[in-house]
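Colleague: I have a model open and want to learn how to read it. Can you take me through the features one by one?

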Amino acid sequence: FRNKSVATLFIPKTGKPYVADTNMVPDNVKYAVSGVPCVRNGDDVDWHNYVTKQGWPADTVRNTYHNWLGVRDGEVWLITGKSAAKSGNMIYGMWFWNLMKDEGFEDVIKLDGGGSYFCRIGGKVLPGSSGSRRINAYFTWD
């Protein structure tokens, strides 16, 4: 993603959350989270001419469990579930858009699940995952 503008959810210190394509984090931001753009400006996204140009590979939108962050009416929503796109690409086959188009989200980004996890308990690092692994996600609100 070096030198590329990537869809990023910004939660400013004051004001409403928003998504922008950028490679810079503004000074007034409390949190910034980048992800695969799935809905931008209330509309479907173009896989080839928009998403892949940001640097996202096809395996980030394959049929598996995902977490998305959406902005609707000035609030951030957590969306979680399993993609079931017939094409195997939830964006290119419009699976995600058809699911979300009537939900009123201005923007939705998919968090990259990675492929492994890291766990530290009481200062002790536990072994990471491999093979058929589960990716744990923890979310907090303040």
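Modeller: We will go from the overall layout to the sheet, the core, the rings and one arginine. Keep in mind that this is a predicted model.

Colleague: How many helices and strands does the chain have?

Modeller: The chain has two helices and 10 strands. Along the sequence they follow the pattern β-β-β-β-β-α-β-β-α-β-β-β. Of the 142 residues in the chain, 32% are buried. Now look at contacts with a separation of 6 or more: 51% of them join residues 24 or more positions apart.

Colleague: Next, the sheet. In what order do the three strands of the open sheet lie?

Modeller: The general idea comes before the case. Strands of a sheet pair through backbone hydrogen bonds, and the pairing is either parallel or antiparallel. Here the order is β2-β1-β3, with antiparallel pairing. The edges are β2 (18-22) and β3 (29-34). Each has a single partner strand, so one side of each is left without a neighbour in the sheet. From one strand to the next, the twist averages 35°.

Colleague: How many bridges join β1 and β3?

Modeller: Strand β1, residues 6-12, pairs with β3 over five bridges, in the antiparallel sense.

Colleague: On to the core. Which residues of the largest nonpolar core touch the most other members?

Modeller: In soluble globular proteins, nonpolar side chains tend to be buried together. In this chain the largest nonpolar core has 19 residues. Those touching the most other members are C38, V51, W68, M90, I91, F96 and V108.

Colleague: What does W68 contact, beyond its neighbours within four places in sequence?

Modeller: Its contacts include C38, M90, F96 and V108. W77, L78, I79 and L111 are also among them.

Colleague: Now the rings. How many aromatic pairs are there?

Modeller: A pair of aromatic rings is described by the distance of the centres and the angle of the planes. The count here is four aromatic pairs. F10 and Y18 form a tilted one, 5.3 Å centre to centre, with 40° between the planes. W95 and F96 are tilted too, at 6.4 Å and 45°. W68, W95 and F96 form one aromatic cluster.

Colleague: Last, the arginine. Where is R72 found?

Modeller: R72 is found in strand β6, residues 65-72.

Colleague: Why does R72 count as buried?

Modeller: The cut-off is under 20% relative accessible area. R72 has 16%, so it counts as buried.

Colleague: Which rings does R72 lie over?

Modeller: Two to check. The charged end of R72 sits over the ring of W77, 4.2 Å from its centre. R72 also lies over the face of F105, at 4.4 Å from the ring centre.

Colleague: Which residues does R72 touch, leaving out those up to four places away in sequence?

Modeller: R72 touches W77, E103, G104, F105 and E106. As a further check, find V108, 36 residues from R72 along the chain. The C-alpha atoms of R72 and V108 are 9.0 Å apart.

Note on methods:
Residues are numbered from 1 along each chain as its sequence is written. This is a predicted model: local features need pLDDT of at least 70, side-chain atom pairs count only at pLDDT 80 or more; totals for chains, interfaces and linings use all residues. Side-chain values use heavy atoms; hydrogens and water are left out. Helices (H or I, at least four residues) and strands (E, at least two) are DSSP runs, numbered from the N terminus. Buried means under 20% relative accessible area, exposed over 50%, partly exposed in between (1.4 Å probe, protein chains only). Contact means heavy atoms within 4.5 Å. A nonpolar core is a set of buried Ala, Val, Leu, Ile, Met, Phe, Trp, Tyr and Cys residues joined through side-chain atoms within 4.5 Å. Rings of Phe, Tyr and Trp (its six-membered ring) pair if their centres lie within 6.5 Å; planes under 30 degrees apart count as stacked, over 60 as edge-to-face and the rest as tilted. A charge sits over a ring if NZ of Lys or CZ of Arg is within 6 Å of the ring centre and within 35 degrees of the ring normal. Two strands pair if DSSP finds at least two bridges between them. Axes are lines fitted to C-alpha atoms, for helices over the stretch in contact, and angles run from 0 to 180 degrees between N-to-C directions.
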